[in-house]
Amino acid sequence: MERQKRYAGNQIVYNDQTIKNGVVTVVQSAVISYLPLYGEEANTIWLGGEIVIKQNESGVLQAFHNGVLLE
């Protein structure tokens, strides 16, 4: 099974949708979920600020923090 990483930020932005205090789950640079953060979650990396989700040319969702791809 691929290792999942969870990243939390003050805002998760995808297209015209913004989630305040959200968490993004990433596997091999691909976003597999994004949702509001309702409390402390184990093994979550808090980045603060804004995490932006974009679709790449292959249609895969990817997350960026300060312009850096989250892996």
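Helices (H or I, at least four residues) and strands (E, at least two) are DSSP runs, numbered from the N terminus. This structure is a predicted model, in which local features need pLDDT of at least 70 and side-chain atom pairs count only at pLDDT 80 or more, while totals for chains, interfaces and linings use all residues. Residues are numbered from 1 along each chain as its sequence is written, and side-chain values use heavy atoms, with hydrogens and water left out. The protein has seven strands and zero helices.

**Overall form**
- From the N terminus on, the order of elements is β-β-β-β-β-β-β. The protein is as compact as a globular protein of 71 residues, because its radius of gyration of 11 Å is close to the 11 Å of the globule rule (taken over C-alpha atoms; the rule is 2.2 Å times the number of residues to the power 0.38).
- The C-alpha trace spans about 35 × 30 × 20 Å along its principal axes.
- Of the contacts (heavy atoms within 4.5 Å) with a separation of 6 or more, 41% are between residues 24 or more positions apart.

**Burial and core**
- Among the 71 residues, 37% count as buried (under 20% relative accessible area; exposed is over 50% and partly exposed in between, with a 1.4 Å probe and protein chains only).
- Twelve residues make up the largest nonpolar core: Tyr7, Ile12, Tyr14, Ile19, Val24, Val26, Val31, Ile51, Ile53, Leu61, Ala63 and Leu70. At least two residues of this core come from each of strand S1 (5-14), strand S2 (17-27), strand S5 (50-55) and strand S6 (61-65).
- Such a core is a set of buried Ala, Val, Leu, Ile, Met, Phe, Trp, Tyr and Cys residues joined through side-chain atoms within 4.5 Å.

**Leucine 61**
- Leucine 61 lies in strand S6 and counts as buried, at 19% relative accessibility.
- Beyond its neighbours within four places in sequence, leucine 61 is in contact with Tyr14, Ser29, Ala30, Val31, Ile53, Lys54 and Gln55.
- Its C-alpha atom is separated by 15 Å from that of aspartate 16, 45 residues apart along the chain.

**Glutamate 50**
- Glutamate 50 belongs to strand S5 and is partly exposed, with a relative accessible area of 37%.
- Leaving out neighbours within four places in sequence, the contacts of glutamate 50 are Gln11, Val13, Phe64, His65 and Asn66.

**Leucine 70**
- Apart from neighbours within four places in sequence, leucine 70 is in contact with Tyr7, Val26, Ser29, Leu47, Ile51, Ala63, Phe64 and His65.
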